[in-house]
Amino acid sequence: MSRNEPELDDILRSLTVPSIGTSAIARRRFLQGSLALGSASALGPTLFADEAAALGADDRILVCIYMAGGNDGLNTIAPLDSGTYFDARKTLALDATSSHKIANNRYLHPSLSTLADRYRNGEVAIVEGVGFPDDDHSHFSSIKTWMSASSQHGPGSSGWLGRYAEDAGLGALGSVNVGDRGVPLLMAGRNSVATGLPTDGNLFGAEVEEAWEHDLVNFFSSLAKQGGQASPMANAWAEQLGTAIDVASNVSPIYDQNQEERGLVRNMGLAANLINLDVGARVISTEFRTFDTHDDQAADHAARLKEFDDAVNRFYRNLRAKFQDRVVIMTYSEFGRRVAANDSRGTDHGTAGPMMMIGPAVKAGFHGSLPSLRNLDDRGDLKHTVDFREVYATVLQQWLRADASQVLGGSFQTLDLFGSPGDVTTSPINPGTVTSLDGLTRAGAAPKARSPLSTTEVVQQVRPKLASGF
Amino acid sequence: MPASDQISYNEAAHLLRRAGFGGSKREARALVGLTRSQAVAAVLDFGTATPARPPENPNLSEWQQNLAAQEWWITEMATGKHPLREKMTLFWHGHFATSWDKVDDQKLMNDQNHILRTMGMGDFAEMCKAVSLGPAMLIYLDNETNVAGAEQENFARELMELFTIGVGNFSEDDVIAMAKAWTGHNTKGFVNRDGRWVYDPSYVYNKAEHDGSNKTLWGITRRWNGPDTIDELVHGSQQGLTARYISEKLWKFLATGTPSEAVLKRISNAFIASGMRGKALVKAILLEDDFWDPSARYALVRSPVEYIVALMKVTGWTTEDIPIRWYMEPMGQLLFNPPDVAGWGTNDYWLSTATAWARSRFVTEWQWRIRNTPLLEGVEDRSPADAASYIFSTFNVSQPSAASRAAIEAWVANAHANNRGWSIQPNSFVLGALCPEFQMA
């Protein structure tokens with residue numbers, strides 16, 4: 001047999017939280033010991049009704065899209081006026097005429113046509129060069145780093161949005177993952193986990209039509225309210241099923257539209273529908289795959305970015321006008337790809353990449369700076385210019401109005417990514433922040449691209465499991 | 001022998017839920033009247049036959065082999081003669097959590113599974129060594145690439161943090177020294193066979209890659225080398241910590257909640273006195289008064305595997321009847337695929353809306369299958385009180401709460417009042433399978 005790198009799907013599955021979709025509040029109260037035998041009668045569905053609070057005047061919503069597998073940032077927002085880029089990417093280089101020029105030496109991939117329009121409308125902020133020190137190029141440890149944003153590892157580790165949701169006291173529908181694979185580490189708090197909404201609906205307690213179905217569901221709802229079970233833990237189970245039924249009946253309308261859609265388009269449609277319900281959703285995460293484009297990248301990458309473009313469109317088509325400037329979509333990925341294309345018309349694991357922030361409330365334009373394509377690290381990778389935690393700190397402080405240092409366990413510089421909600425910025429493009437890439441242009445005398453394979457990389461190909469860990 | 005030491009039916013049912021996956025009425029009755037120690041000896045008697053191994057079929061793909069092993073194991077839990085052995089194998093699988101996701105070779109996972117099944121009740125140090133030097137673990141925690149001069153700390157850290165003494169009981173310097181001690185204990189890796197490079201996962205001690213220098217662990221300086229660190233952890237200076245750590249973890253898995261200090265002392269001392277043998281620890285736990293206390297009954301949430309196995313026992317469904325494997329991932333527990341090196345948690349770890357939906361979905365999607373089968377047959381012809389007893393009895397719930405009983409009686413009466421007798425049998429199945437009592441061990 002030959003050994004390969006573990007399948008990305010498998011890695012991601014192993015990073016999901018097994019206790020998928022805990023109702024945060026039920027878990028928290030339980031841990032506080034307030035579920036003593038017989039005392040559960042006050043909890044259950046009535047508790048949920050309290051949680052389903054409409055969006056307050058100062059509340060903002062964050063929707064996180066994880067581009068799983070390591071998105072090729074250089075072919076998402078490409079520096080097509082750079083000769084170095086063409087030397088490195090060879091046949092994988094994008095074509096400038098079909099790409100969307102949005103700034104000096106910055107072209108969006110041809111698939112991102114409506115995103116280009118959004119950019120020109122002042123609704124897209126791009127943070128370039130985001131990464132972290134000593135990235136070991138492993139999907140496994142890199143995504144764990146991105147999701148946890150914490151140096152703590154091992155049992156009980158948590159995700160930065162999970163910690164935020166806990167600190168903010170978000171309820172069962174405050175923090176939600178849309179997807180069928182469990183809740184990612186991103187959304188796991190110290191003692192609670194986001195609700196995990198499956199994409200196909202079919203939730204027990206929803207779409208109850210016949211009288212006998214009502215009676216069956218009501219049986220469990222009433223058990224949840226009564227308490228008096230055989231043990232405190234049995235009461236907690238009864239309450240959990242009651243909460244699930246209650247959440248199901250509350251969220252079931254989100255499944256009514258766009259049923260034929262699949263993948264990220266469907267997930268983002270569901271996310272918008274959930275926000276429209278106005279039941280307190282504040283942090284929503286979802287993911288799509290795979291960006292792990294080691295070979296024959298061009299078609300796959302184009303398809304993924306088209307799916308992304310369609311999904312953002314679906315989201316805003318579904319989202320009610322009154323929420324439009326209260327929501328920001330943020331993308332992230334575990335790493336970018338290596339600057340040089342490989343011999344299989346693909347790209348290998350790299351380091352830094354861009355993050356996109358989308359929504360009328362962002363300060364559109366470029367932030368951070370694109371790392372030099374010539375001054376690479378010893379593996380031939382970009383040197384990051386922005387620490388990912390600086391972006392998180394900015395989102396936490398400026399958008400979610402949270403104490404970033406409490407969530408991140410340290411202080412980080414912030415960027416200037418947001419205006420006020422409702423303050424739609426229309427001419428924000430700031431050419432001053434666009435790196436000129438050493439002044440190289442396609443016509444210029446581009447230096448020879450560095451050898452695509454460093455010694456380290458050769459070792460990695462022989463023993464591909466070098467880079468991994470927990 | 002005092003009569004009070006003879007166990008009752010309810011106590012027998014409790015023992016079978018904890019020392020297995022729930023027993024039938026016949027199995028429970030067979031234990032009634034025995035003393036606690038006789039009953040515990042009975043569930044701990046695994047006979048002398050060599051346990052079976054997961055089947056291997058080289059014609060199947062890796063993925064199919066993984067599914068086949070999952071199904072084989074879950075069937076062994078549901079129908080095998082020694083449910084406690086399978087439950088302990090499940091415990092050790094979560095303890096030495098290793099995932100096929102990363103190992104990517106079910107044969108290696110099956111080898112590890114066999115170690116856990118055959119060595120789990122013996123000397124913990126021997127099992128720990130066998131697992132540590134097994135290719136599945138060498139690959140999973142990267143010791144396959146741990147060589148002198150380029151140490152890989154992943155396994156070294158987890159050996160102490162998760163497998164033996166627990167977090168807070170070692171220093172970062174210990175991790176560095178431990179990593180050095182385990183250098184050279186690798187897999188053969190890529191070897192050239194007839195001009196082709198193939199990966200050979202078998203264990204090899206690469207002496208040239210081992211750091212043979214003096215290293216200091218827990219203040220003891222010597223030429224530590226791999227397995228002898230396990231002897232020190234389990235039988236040497238760190239024994240007390242290891243005994244407490246394993247004892248508390250197994251108590252939470254088999255008994256309930258956090259053990260009192262007195263209980264923890266007793267069971268870990270029994271573990272030590274036996275020479276750190278798993279069987280002695282299990283026995284000590286099952287003989288504690290706190291284990292038998294009425295408040296301990298129905299106090300542990302069944303993990304998804306325990307829940308599905310209990311349902312298989314009630315219904316007689318097999319993995320061929322029902323595609324059970326597709327329901328395990330949404331429920332959150334895939335055998336051979338623990339979420340990370342820390343394995344699965346216990347009890348409230350399994351409380352969540354999504355797992356509640358996943359269990360509900362399984363039950364409601366298959367509830368119609370019981371029509372025209374003997375399961376709950378004729379329940380619609382019984383009085384509400386009799387129907388409730390029938391449902392609890394079918395699910396081997398010997399002590400339902402008054403609340404659940406009253407709710408079922410009211411539900412049956414209502415179904416009759418609305419002329420929905422046809423719905424009572426299939427829906428009784430849902431009530432029984434999702435009622436809080438059946439979710440609990």
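**Entry 1: a meeting of two helices**

Which residues in helix 17 of chain B meet which residues in helix 22 of chain B? I am looking at a predicted model here, and I began with this pair. From helix 17 I noted B:Tyr307, B:Leu311 and B:Thr315, and across from them in helix 22 of chain B I found B:Phe429, B:Ala433 and B:Leu434. Sorted by class, this contact has five nonpolar residues, one polar residue and no charged ones.

I then looked up the geometry. Helix 17 of chain B covers residues 304–315, and its angle to helix 22 of chain B is about 140 degrees, with the axes 11 Å apart. Roughly antiparallel would need an angle over 145, so I wrote helix 17 of chain B down as oblique to helix 22 of chain B. Their crossing is right-handed.

**Entry 2: another partner for helix 22**

I stayed with helix 22 of chain B (residues 424–434) and turned to helix 21 of chain B (residues 402–417). These two pack at an angle of about 160 degrees, and their axes are 12 Å apart. That makes helix 21 of chain B roughly antiparallel to helix 22 of chain B. I noted a right-handed crossing for helix 21 and helix 22 of chain B.

Which residues make this contact? On the helix 21 side of chain B I listed B:Ile408, B:Trp411, B:Val412, B:Ala415 and B:His416. On the helix 22 side of chain B I listed B:Ile424, B:Asn427, B:Ser428 and B:Leu431. By class, the contact has six nonpolar, three polar and no charged residues.

**Entry 3: a helix that is covered**

Next I checked helix 10 of chain B, residues 154–163. Are its residues buried or exposed? I found 10 of the 10 buried, so helix 10 of chain B is largely enclosed by the rest of the structure. Among these buried residues are B:Arg157, B:Glu158 and B:Glu161, along with B:Phe155, B:Leu159 and B:Phe163.

**Entry 4: a glance at chain A**

I finished with some totals for chain A. I noted 14 helices and 14 strands there. Chain A has 470 residues, and 63% of them count as buried. Its accessible surface comes to about 16200 Å², with 47% belonging to carbon and sulfur atoms. For contacts in chain A with a separation of 6 or more, I wrote down that 76% are between residues 24 or more positions apart.

Terms used. Residues are numbered from 1 along each chain as its sequence is written. Chains are lettered from A and ligands numbered from 1 in the order in which they are written. This is a predicted model: local features need pLDDT of at least 70, side-chain atom pairs count only at pLDDT 80 or more; totals for chains, interfaces and linings use all residues. Side-chain values use heavy atoms; hydrogens and water are left out. Axes are lines fitted to C-alpha atoms, for helices over the stretch in contact, and angles run from 0 to 180 degrees between N-to-C directions. Helices (H or I, at least four residues) and strands (E, at least two) are DSSP runs, numbered from the N terminus. Angles under 35 degrees count as roughly parallel, over 145 as roughly antiparallel, 65 to 115 as roughly perpendicular and the rest as oblique. A crossing is left-handed if the near helix is turned anticlockwise from the far one by less than a right angle, and right-handed if clockwise. Contact means heavy atoms within 4.5 Å. Ala, Val, Leu, Ile, Met, Phe, Trp, Tyr, Cys and Pro count as nonpolar, Asp, Glu, Lys and Arg as charged, and the others, Gly among them, as polar. Buried means under 20% relative accessible area, exposed over 50%, partly exposed in between (1.4 Å probe, protein chains only). Accessible areas come from the Shrake-Rupley method with a 1.4 Å probe; for residues, only the protein chains shown count as cover.
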